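The entries follow the order in which I consulted the model.

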Amino acid sequence: MRYILLEILLLFASLGSYAQEKALKATKVTTPPHIDGSLDDIAWKNVVPAGNFIINSPSFGQPSSSKTEVKLVYDNTAIYIAAYMYDNPWQIRWQLNQRDQEQGRDIDYFSVFLDTYNDLQNGYQFLVTARNVQSDARISPGVETVNGQYGDLNWDAVWDSKVSVKSDGWVVEMRIPYSSLRFSKKEIQEWGINFQRFTRRNSEISFWSPVDPNENGFVNQFGKLSGLSDLSPPLRLSLSPYISGGFRSTPYGENNVDEVLRSGGVDVKYGINESFTLDATLIPDFGQVISDNLVNNLSPYEVRFQENRPFFTEGTDLFNKAGIFYSRRVGRQPTGYFQVEQLADNNPALTIKKNPSTTRLYNGIKFSGRNNNNLGIGVFNAITQPMRARLYNTENNKDSSIRTEPLTNYNIIVFDQALKNRSSITLTNTNVLRDGPGRDANVTAVDLSFYDKNNKYGFSVRPRYSAIAGGSDGFRNTTEIGKVSGRVQFSFINDIQSDKYDPNDLGYLDAPNKVYNVAEVSYNIVQRVRSLLNQRYTLGIEHTSLYKPYSYQQLMFRGGSSWLFSNFWNVAVNLETTPVWYNDYFELQTPGKQLKKAPYYYISTDGNTDNRKRLLGTWDLSFAEGPLRNDPYYRIYLSARYRFGDHFSLEAAYEREYDNGQFGYAFIRDPNGDPILARRKYAQVSTVISGVYNFTPRMNLSFRSRHYWNRLLNTNFYDVKNDGYWTERTFLPGNNVNYNAYNLDVFYTWDFRPGSRVIIGYKNWLSPSYDLDGSRYSSYLKNLGGMITELNHGNEFTVRFIYYLDYQELKKRRRR
């Protein structure tokens, strides 16, 4: 009891120390500091530092365990920041890492956050580690702040930093040019600002302006930066021309098709004014991106892959706000790709000479920014080339050409008005126009979010409307209300999707024709209580129905808890149950057909060991059971990361999923065209080995190897009755599945000057394959060996050279 009372008294004492909003006044200089990690420049003299940082994590509210002082000055070209992190030099953590990859590494770092529009919603982060490795991110309301990540790390800017070690700590100097920022055109500027320090040895995150984890929002908790006046940023114009070349050998059956790769293009950034920027890419080449995690998709839903192409990940927060932009639609696999494969398989006289697996772009542009009235405007446009396959006919010795994808224009327009109290209203429109008979589509979305003056309660409504040319129209609406801040939080959500709603020409929706009703409550303790540094408890209920005809689908109850212990082990437990039989209207992939599914209970636990140690272990274990006989399900995910030193780390992950009685569509139909249901033994295993060796803060070698195996053994087949229940039918021989996928990605990256880069890449892959005999290759290890020795692999070697040209830098050189 005395311990708890002491904690409460200390908490209130610390709360009183930051009850008032933090404020900082900027100093304008005529001679800027030299960025060298030393603070002896005259520009830093007599500048009042910012200090008194408050802990955000692992337990909120206490003063930081280490002293930090930050100074800020500016001129007509840039903002300059100097931070002195007082510490014992022998306790500072120094691991090298890749850019934007400091989280979970053994490294200390410092960040500055800027809300240049002072709208309490959008901002920038610039981070420097103790080894002078940079990270930067764009912050927006749609990006979740979790695990030390506060924004979209895919955004990259060109800025400068230097680090030095002192006898009583370490120092960082930063120069952030206005060319890397956007802000409104005003004579007197007032920005939001915050500083962050992370100390690895105690996993402590502290902020200059306190950030309460139980307070809704992040940017709204910044302090204020005043004193910025008469900012006259120079012309913002930069070019990043690139050339690339290489060799690719693509497997087609038992043979490979070889091709020489060569490409060239340019990325252009033009600052129309202080607020708006035009980004354009001409003849882009997206070959050097990490491979997708391919799976054997048995579900009725499309697999959603992560976007890895830089043009579609950098600065797209405004376009992603409505959630109707799935950028993988642009430059996707041509819709006629597999038709060409089937045509060649069915006609022995035809040989594929060329069948592009991705659609090339002619160009892409992004125009975005925010005006003086906090109105954000964004325009995205991309034009993809018509793609053609070429086949050779051995009977007449002639080539034939087949169009696999039409010329297509993709367009997005966004208007986002920031309102008081972090509220906002957003209008988003996506439009797809295809040449010839291909379908055209249009989707319009409105997002309204409102919060009360105290930021305790929130309300949002998000209607959508889709229209397909020559087809049908549909709608979706989501309404949410709840308590968004405080130790106790709750929310109520209603989501209605009509049966004709279809945003999938440029967005993603797994399936329409649904009605969701969700209620959830959480209890969050962010201060230390005995051996727990923080803890969270949640309860929820979800009811799902079919929209048309309106009918019951599923009732689900769930609960969960998570704890961070004083030894920095993180543990979470989740429970879920559907207590009664429920209907699945999508599994059989046949309109009007439903499948009855059995009730179940599900339990899982996940967590990790102390990530400050050289060896980090992570787990995610799940188990489910229901009333059907001999029907257990389990999933095991285990990973281990070992840090061999400051330069090299290696990670291995193993995942196994097993279901002894999985019921699903057998992908075969009876003579009447009705779908046949299968009960099958389902096994899925994947292993991933990845690592990185950092030569310097700007040079690294990374690799990632992934093998995926999926086996289906059908044990029973059923006819499905009109009410969704099933009756057993004659066993159908065959139709078992033995599926393998493999990828190896190796990249050497050297940032030889700011914004300029050399990338050397090697890829080895296995086309998704069912070729290994499941009766002979019956285990994961046998499939791994057979995949390596028996199947044909593709290979690709590429070299890419990018050189950053800044107009102002060229102008200075010419004067010299």
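**Entry 1. Aromatic pairs.** I began with the rings and counted 52 aromatic pairs. I took rings of Phe, Tyr and Trp (its six-membered ring) as paired if their centres lie within 6.5 Å, with planes under 30 degrees apart counted as stacked, over 60 as edge-to-face and the rest as tilted. I found both Phe 126 and Trp 155 to be buried. For burial I used relative accessible area, where buried means under 20%, exposed over 50% and partly exposed in between (1.4 Å probe, protein chains only).

I then took Phe 695 and Tyr 748, whose ring centres are 6.5 Å apart with planes at 65 degrees, so this pair is edge-to-face. Phe 695 belongs to strand 38 (residues 675-696) and Tyr 748 to strand 41 (residues 737-753), so the pair ties together parts 53 residues apart in sequence. Phe 695 is partly exposed at 37% relative accessibility, and Tyr 748 is partly exposed at 22%. I noted that ring pairs join Phe 695 and Tyr 748 with Tyr 642, Phe 644, Phe 648 and Tyr 693 in a cluster.

**Entry 2. Basis of the values.** The model is predicted: local features need pLDDT of at least 70 and side-chain atom pairs count only at pLDDT 80 or more, while totals for chains, interfaces and linings use all residues. Residues are numbered from 1 along each chain as its sequence is written, and side-chain values use heavy atoms, with hydrogens and water left out. Helices (H or I, at least four residues) and strands (E, at least two) are DSSP runs, numbered from the N terminus.

**Entry 3. Asn 700.** I located Asn 700 in strand 39 (residues 699-720). Its relative accessible area is 9%, so I list Asn 700 as buried. Its side chain makes a polar contact of 3.5 Å with that of Gln 98. A polar contact is a pair of N or O atoms within 3.5 Å; within protein, one must be able to donate a hydrogen and the other to accept it, and residues adjacent in sequence count only if both atoms are side-chain atoms. Leaving out residues up to four places away in sequence, Asn 700 touches several residues, including Gln 98, Phe 695 and Tyr 748; contact means heavy atoms within 4.5 Å.

**Entry 4. Asn 524.** Asn 524 is in strand 28 (residues 514-525) and is buried at 5% relative accessibility. I found a polar contact of 3.3 Å between the side chains of Asn 524 and Ser 522.

**Entry 5. Nonpolar cores.** Which residues touch the most other members of the largest nonpolar core? Among its 37 residues, they are Ile 81, Phe 110, Phe 126, Met 174, Trp 191 and Phe 195. Such a core is a set of buried Ala, Val, Leu, Ile, Met, Phe, Trp, Tyr and Cys residues joined through side-chain atoms within 4.5 Å. Elements giving it two or more residues include strand 5 (78-86), strand 6 (109-115) and strand 7. I checked Phe 110, which, leaving aside neighbours within four places in sequence, is in contact with residues including Ile 81, Phe 126, Met 174 and Phe 195. Apart from this core lies another of 14 residues, among them Phe 312, Phe 325, Ala 382 and Tyr 410.

**Entry 6. Helix faces.** In helix 5 (residues 780-790), I found Tyr 780, Asn 783, Gly 786 and Met 787 buried. These buried residues fall within an arc of 125 degrees seen down the axis, so they line one face of helix 5; the arc is that of the directions from the helix axis to the C-beta atoms. Leu 781, Ile 788 and Thr 789 are exposed on the other side of helix 5. The buried residues of helix 5 pack against strands that include strand 38, strand 39 and strand 41.

**Entry 7. Charges over rings.** Lys 67 lies over the face of Tyr 86, 5.0 Å from the ring centre. The charged end of Lys 514 sits over the ring of Phe 586, at 5.2 Å from its centre. The criterion is NZ of Lys or CZ of Arg within 6 Å of the ring centre and within 35 degrees of the ring normal.
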